[in-house]
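Me: I have a structure open and would like to learn how to read a few of its features. Please go through them with me.

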Amino acid sequence: MDFKPELEYKHEKVDMLTYKELARIEKDPSTSQLLEKLAAVEVIHAAFWKKIAEKNDVEVKEIGLKEKIAVKWYGAFRKIFGLSLSVKLLELHEMQAIQQYSKILATPNILDDDEKTLLNKVINDEKEHEQLLINEELKVNPDRVRDIIYGISDALVEVLAAVSGFAGVLIKPLLIGVGGLIVGASGTLSMGAGAYVSTKSENEARNAGTDKELNNEHPQSPVSSALTTSGSYLVGVFPPVLPYVLGAGGNYGLLLSYLASAISLFAVGFMVGIASGVRPSHKGAEMTSIGIMAAIATHLLGLAASAYLHIAI
């Protein structure tokens with residue numbers, strides 16, 4: 001394998017600064033203290049890789065602007081998306097570090113026996129970090145975060161497909177936009193009603209003690225769940241509809257709707273990847289491609305309906 005201890009050093013330095021940045025902005029004292037503890041351990045890991053690099057006559061450079069921006073990005077991510085997703089993102093990073101270090105450990109003629117012992121300690125530290133982060137995540141309600149993400153993604157796919165189909169039949173962009181808003185309003189109400197009934201049923205089952213698994217989960221208010229789900233769905237309505245509401249019609253309006261939705265789908269898919277432990281960029285690309293393909297298929301259906309039924313409004 002391509003062994004670059006100087007890069008591992010930089011990764012550990014970035015991790016250390018990231019934990020410090022998150023600790024600085026974290027309001028909960030216990031969480032802030034945990035992040036400071038993790039940062040202190042990363043200092044030891046960075047020193048280990050620096051020693052390995054120097055032994056191999058490899059120049060070790062301090063982190064540059066790119067790495068500093070990455071640290072600030074983590075801080076901004078925490079402020080925007082909250083603790084649960086931020087912890088999930090850190091968990092993914094710890095898992096990647098464990099996999100990389102395990103590969104180095106299994107590769108012959110890279111480290112001597114003493115260095116392998118120290119690297120084993122580093123790997124165990126990273127595993128401990130991952131578990132501590134998982135425990136920290138359990139303090140918050142991850143279900144609420146997931147409800148928001150999936151609510152937005154559902155709206156993006158469904159409303160994009162709807163307006164794309166309308167665009168194959170309708171000529172006036174305002175009619176397409178209004179049609180999309182009606183579909184969005186219907187979805188918002190149905191998603192909210194479904195979340196209310198589902199959460200209420202779960203609470204009733206929990207109170208009756210009929211479902212042991214539910215007793216270990218965070219109880220939610222049916223009204224809060226309904227508002228969260230419907231509100232997040234409503235957010236996802238606007239990217240595909242907005243170009244038509246603003247008067248963009250024809251292929252230009254269709255392209256703008258696809259572009260706005262593709263960007264939004266990738267961002268939401270990225271969040272889904274973080275929440276589900278899947279590589280975020282792959283999940284973002286997957287959701288974008290599925291959403292766009294569904295929209296194109298619906299648009300073709302709209303064009304076929306227009307041609308065979310002679311509809312053009």
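**Surface patch, helix pair, salt bridge**

Reply: Leu181, Leu234, Phe238, Leu242, Val245 and Leu246 make a nonpolar surface patch of about 540 Å². This is a predicted model, where local features need pLDDT of at least 70 and side-chain atom pairs pLDDT 80 or more, while totals for chains, interfaces and linings use all residues. Residues are numbered from 1 along each chain, and side-chain values use heavy atoms, without hydrogens or water.

Me: Which helix gives the most to the nonpolar patch?

Reply: α7 does, with four residues; Val245 lies in this helix.

Me: At what angle do α6 and α7 pack?

Reply: Axes are lines fitted to C-alpha atoms over the stretch in contact, and angles run from 0 to 180 degrees between N-to-C directions. Here α6 (residues 173–208) and α7 (residues 222–245) pack at about 165 degrees, with axes 8 Å apart. That makes the two roughly antiparallel (over 145 degrees). Their contact holds 17 nonpolar residues, 11 polar and one charged.

Me: Which residue forms a salt bridge with Lys13?

Reply: Side chains of opposite charge can pair when their charged atoms come close. The rule asks for a side-chain nitrogen of Lys or Arg within 4 Å of a carboxyl oxygen of Asp or Glu, and the count comes to 11 salt bridges. Glu62 pairs with Lys13, the closest N and O atoms being 3.7 Å apart. Glu62 lies in the loop between α2 and α3 and Lys13 in helix α1, so the pair ties together parts 49 residues apart in sequence.

Notes:
Angles under 35 degrees count as roughly parallel, over 145 as roughly antiparallel, 65 to 115 as roughly perpendicular and the rest as oblique. Ala, Val, Leu, Ile, Met, Phe, Trp, Tyr, Cys and Pro count as nonpolar, Asp, Glu, Lys and Arg as charged, and the others, Gly among them, as polar. Patches are made of residues with over 30% relative accessible area and no salt bridge: like charges are joined within 9 Å, nonpolar side chains (Val, Leu, Ile, Met, Phe, Trp, Tyr) within 5 Å. Accessible areas come from the Shrake-Rupley method with a 1.4 Å probe; for residues, only the protein chains shown count as cover.
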